[in-house]
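Try each task before you read its solution.

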Amino acid sequence: MANKMLSEMGLPKSIAYIFAARNLITAKDVLSLTEFELMELLDVDIAVVASAVAHISEITCPPYQTTAETSIT
């Protein structure tokens, strides 16, 4: 899932264009940088970066599952 394209994640067009302009194409490209690094690279407010990272993480990372929720067959 880390190789999922940002263009397929439904990000707001304004931030999606900025990611593309800075050659950040996949979720891995974004999630491998800190929020501070992204803020400097993208030249946007930390709140915008945090929101975008949260959105990308939510789509990319599978939901957690406890052992009680898994079924043994």
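**Exercise 1: Placing I18**

Locate I18, then decide whether I18 is buried, partly exposed or exposed.

Solution. Start with the fold: I18 sits in helix α1, which covers residues 13–21. Keep in mind that this is a predicted model. Next, take the accessibility. The relative accessibility of I18 is 24%. Buried means under 20%, and exposed means over 50%. The value of 24% falls in between, so I18 counts as partly exposed.

Now look at the surroundings. Which residues does I18 contact, leaving aside neighbours within four places in sequence? They are L42 and V44. Finally, check a distance. I18 and E37 are 19 residues apart along the chain, and their C-alpha atoms are separated by 14 Å.

**Exercise 2: Placing T67**

Find where T67 lies, and classify T67 as buried or exposed.

Solution. First, the location: T67 belongs to the segment after α4, the helix of residues 46–60. Second, the accessibility: T67 has a relative accessible area of 72%. The cut-off for exposed is over 50%, so T67 is exposed. Third, a distance: T67 and A2 are 65 residues apart in sequence, with 24 Å from C-alpha to C-alpha.

**Exercise 3: Describing the largest pocket**

State the volume of the largest pocket, and sort its lining residues by type.

Solution. Begin with the volume, which is about 200 Å³. Then list the lining: L6, S7, G10, L11, K13, A16, Y17, F19, A20, L24 and I25. Last, sort these residues. Eight are nonpolar, two are polar and one is charged. Gly counts as polar and Lys as charged.

Methods
Residues numbered from 1 in each chain as written. Predicted model: local features only at pLDDT ≥ 70, side-chain atom pairs only at ≥ 80, totals over all residues. Heavy atoms only, no water. Helix = DSSP H or I, 4+ residues; strand = E, 2+ residues; numbered from the N terminus. Buried < 20%, exposed > 50% of the residue type's maximum accessible area, 1.4 Å probe, protein only. Contact = heavy atoms within 4.5 Å. 1 Å grid on protein atoms, 1.4 Å probe; cavity = no way out; pocket = protein on both sides within 12 Å on 5 of 7 lines; lining within 4 Å. Points joined across faces, edges and corners; volume = space filled by probe spheres on them.
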